[in-house]
Amino acid sequence: VLTGGGKKLSLWDAESGKLVCQIASDADDRFDCAALSPNGQYVVTGGFAQVSIWDSSNGKLLRRIPMDAYTVNAVAFSPDSRLLLTGSNDWTARIWNVESGKELQRFEHPFWIDAAIFSPDGGSVLTAGGAKTIRMWNVKSGEPLRTFEGDVEAIKRAEFSDDGSFLLTASQTNVDVLWDTMSGKSVQRFTGDIKGSWSVNR
């Protein structure tokens with residue numbers, strides 16, 4: 001279990017509750033997003049103009065990927081833990097090789113990106129953020145697969161169902177939406193006194 005933020009993260013053993021390791025940022029850096037790889041071997045953090053990959057067993061830095069002078073708002077691993085997805089304020093999402101740190105693919109979103117995730121099968125990725133646009137992309141070709149239609153903007157988080165048939169998004173506009181991923185259309189809208197959602201869980 002990964003907890004924390006800002007300058008320090010803590011990784012805990014889910015069964016025993018014992019602390020596995022702690023990850024500390026540099027003096028001039030902070031963690032704006034973080035993720036634990038599905039195989040449990042890596043922790044990735046994103047911040048201003050850089051992404052860092054850490055060894056989850058001891059908290060040591062494995063490699064640092066320099067970015068353009070923009071904040072990285074979203075990080076996610078592919079299901080097999082071999083690829084890393086980043087989304088940032090420069091309106092791009094990028095796929096990286098975890099072992100080499102090499103950029104493999106780049107997706108141009110129409111606005112800044114706050115949510116970037118892999119599909120459960122790892123064949124596509126989704127980007128969303130400040131604009132009224134949610135897009136799915138093909139990982140290998142980099143081509144757009146689908147644009148989700150709706151009036152929801154300022155999306156902060158997104159989550160696929162286990163089979164990839166549905167997508168749940170959370171936004172700052174007091175509207176959370178369940179989408180059909182095949183049609184790109186909304187199935188259900190959750191409104192009310194939400195006061196801006198920053199997280200969703202399936």
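Arg-94 counts as buried because its relative accessibility is 3%; buried means under 20% relative accessible area, exposed over 50%, and partly exposed in between, with a 1.4 Å probe and protein chains only. Please bear in mind that this is a predicted model, in which local features need pLDDT of at least 70 and side-chain atom pairs count only at pLDDT 80 or more, while totals for chains, interfaces and linings use all residues. Residues are numbered from 1 along each chain as its sequence is written, and side-chain values use heavy atoms, with hydrogens and water left out.

Arg-94 belongs to strand S8, residues 92–97. Helices (H or I, at least four residues) and strands (E, at least two) are DSSP runs, numbered from the N terminus. What surrounds Arg-94, if residues up to four places away in sequence are not counted? Arg-94 touches Met-67, Asp-68, Leu-84, Leu-85, Thr-86, Glu-103, Gln-105 and Arg-106, where contact means heavy atoms within 4.5 Å. The side chains of Arg-94 and Thr-92 also form a polar contact of 3.3 Å. A polar contact is a pair of N or O atoms within 3.5 Å; within protein, one must be able to donate a hydrogen and the other to accept it, and residues adjacent in sequence count only if both atoms are side-chain atoms.

Arg-94 is also part of a network of salt bridges, together with Asp-90, Glu-103 and Arg-106. A salt bridge is a side-chain nitrogen of Lys or Arg within 4 Å of a carboxyl oxygen of Asp or Glu. Within this group, the side chains of Glu-103 and Arg-106 meet at 2.8 Å, N to O. Glu-103 is partly exposed, at 27% relative accessible area, and Arg-106 is likewise partly exposed, at 36%.

How many salt bridges are there by this rule? The count comes to five. One of them joins the side chains of Lys-156 and Asp-114, at 3.2 Å from N to O. This pair links distant parts of the chain, for Lys-156 lies in strand S14 and Asp-114 in strand S10, 42 residues apart. Are these two residues buried or exposed? Lys-156 counts as buried, at 9% relative accessibility, and Asp-114 is buried with a relative accessible area of 9%. Another salt bridge joins Arg-30 and Asp-32, at 3.1 Å from N to O. Here Arg-30 is partly exposed, at 44%, and Asp-32 is partly exposed, at 33%.

Let us turn to Ser-52, which is found in strand S5, residues 42–55. Ser-52 is buried because its relative accessibility is 2%. Its side chain makes a polar contact of 3.0 Å with the side chain of Arg-64.

Finally, the nonpolar cores. A nonpolar core is a set of buried Ala, Val, Leu, Ile, Met, Phe, Trp, Tyr and Cys residues joined through side-chain atoms within 4.5 Å. The largest has 15 residues, and those with the most contacts inside it are Leu-126, Ile-134, Phe-148 and Leu-167. Strands S10, S11, S12, S14 and S16 each give two or more residues to this core. Apart from it lies another core, of 14 residues, including Val-51, Ile-65, Leu-84 and Trp-96.
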